[in-house]
Amino acid sequence: MNGPFDVRAVCTPHCAAHTARPVPLPGTARRAAAFTGAVGRALTAGPHLADPVRLRAHARALLAALAVGLEVRGAGTAGRLSVPGPGERAPAADRVPGTLIVLNHVSWLDIVALLAVEPAVLLAKREVGHWPLVGGLARRAGTHFIDRTSPRQLPRTVRELSALLLAGRSVAVFPQATTWCTADQGGFRRATFQAALDAGAPVRPVTVDYAQQGRPTTVAAFCGADTFAASLRRVVTARGLTARFTVHPALPTAGRGLDRRTLAAAAERMVLGGGRAALDAGQVPDLTGQVPDLTGQVPDRSGQALGTYL
């Protein structure tokens, strides 16, 4: 059944392809076993999985099991996506809104990589809750599910996002409403940007793309009629796969007199333009000259983030 948030999928499973020789069977078997073990450990965490520190640790363990690298680049980010602020624990008088983090959408792997950088409470389409492995993890991580066939839910969702931002939490959204095989396609839906305007929260555009041995790849894409099992097989056999986040300058909203159409268009240009630059250059532009070592410490967030497929 189609809903008001659905976008017709143009990309198909045929878009997903290796750009490096696949990992041989013994290596694939080891990765699959490691991934199964990492998923099992995450599931046994139960409701504690929603704790930001544990959530990030489990997400990193999942990436490590799949042998997927992680790079975060951008001006002054120090490995984080949200705009720095005192957060939820600051006195009410000093509290500033959280950040609306907006990303393009390529794969289910985007979510795991996002959690590994900045722990998130996700708002996803209800179908995600029924996916093998990922669905169970999403439920235990405190994911909020939305029925995209019901337009009556949209105003309430925007109010919830605005309340989270006002409370000092960050909100991560995928405004394309579907996945694309590369980071230079698609367009942004505007609804979630209203939450940032209502809260006076900054918007942080982020481009997500993937590389194999430094070359752009579509192997992680999860598009059209693809199945999770088929996508997971490609990821498990992908040699030298890295998830790459390019963090663009934040867009302030407080006192700017913006509307959601203008704000969404500005964020879309930055995110999709970053994807085109990555394809043209053969790599993600390094805006800082430094890639954070994500095997070390990443600053903890005092709040949590919320991701959505709206």
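I began with the overall layout and counted 8 helices and 9 strands in the protein. I noted that the model is predicted.

**Burial and surface**

I looked up how much of the chain is hidden. Buried residues are 55% of the 310 residues. I then checked the accessible surface, which comes to about 13100 Å². Carbon and sulfur atoms hold 54% of that surface.

**Contacts**

**Salt bridges**

How many salt bridges does the structure hold? I found 3.

I started with Arg244 and Asp209, whose closest N and O atoms are 2.8 Å apart. Arg244 sits in strand β8 (residues 241-247) and Asp209 in strand β6 (residues 203-212), so this pair ties together parts 35 residues apart in sequence. Both Arg244 and Asp209 are buried.

Next I looked at Asp226 and Arg234. Their closest N and O atoms are 2.4 Å apart. Is Asp226 buried or exposed? Asp226 has 11% relative accessibility, so I wrote it down as buried. Arg234 is at 14%, so it also counts as buried.

Then I checked Glu71 and Arg73, which form a salt bridge with closest N and O atoms 3.0 Å apart. Arg73 is buried, because its relative accessibility is 13% and the cut-off is under 20%.

**Aromatic pairs**

I counted 2 aromatic pairs. One of them joins Phe188 and Phe193, and this pair is stacked. The ring centres are 6.3 Å apart, with 25° between the planes. The planes count as stacked because the angle is under 30 degrees. Phe188 is buried at 9% relative accessible area. Phe193 is buried too, at 0% relative accessibility.

Terms used: Residues are numbered from 1 along each chain as its sequence is written. This is a predicted model: local features need pLDDT of at least 70, side-chain atom pairs count only at pLDDT 80 or more; totals for chains, interfaces and linings use all residues. Side-chain values use heavy atoms; hydrogens and water are left out. Rings of Phe, Tyr and Trp (its six-membered ring) pair if their centres lie within 6.5 Å; planes under 30 degrees apart count as stacked, over 60 as edge-to-face and the rest as tilted. Buried means under 20% relative accessible area, exposed over 50%, partly exposed in between (1.4 Å probe, protein chains only). Helices (H or I, at least four residues) and strands (E, at least two) are DSSP runs, numbered from the N terminus. Accessible areas come from the Shrake-Rupley method with a 1.4 Å probe; for residues, only the protein chains shown count as cover. A salt bridge is a side-chain nitrogen of Lys or Arg within 4 Å of a carboxyl oxygen of Asp or Glu.
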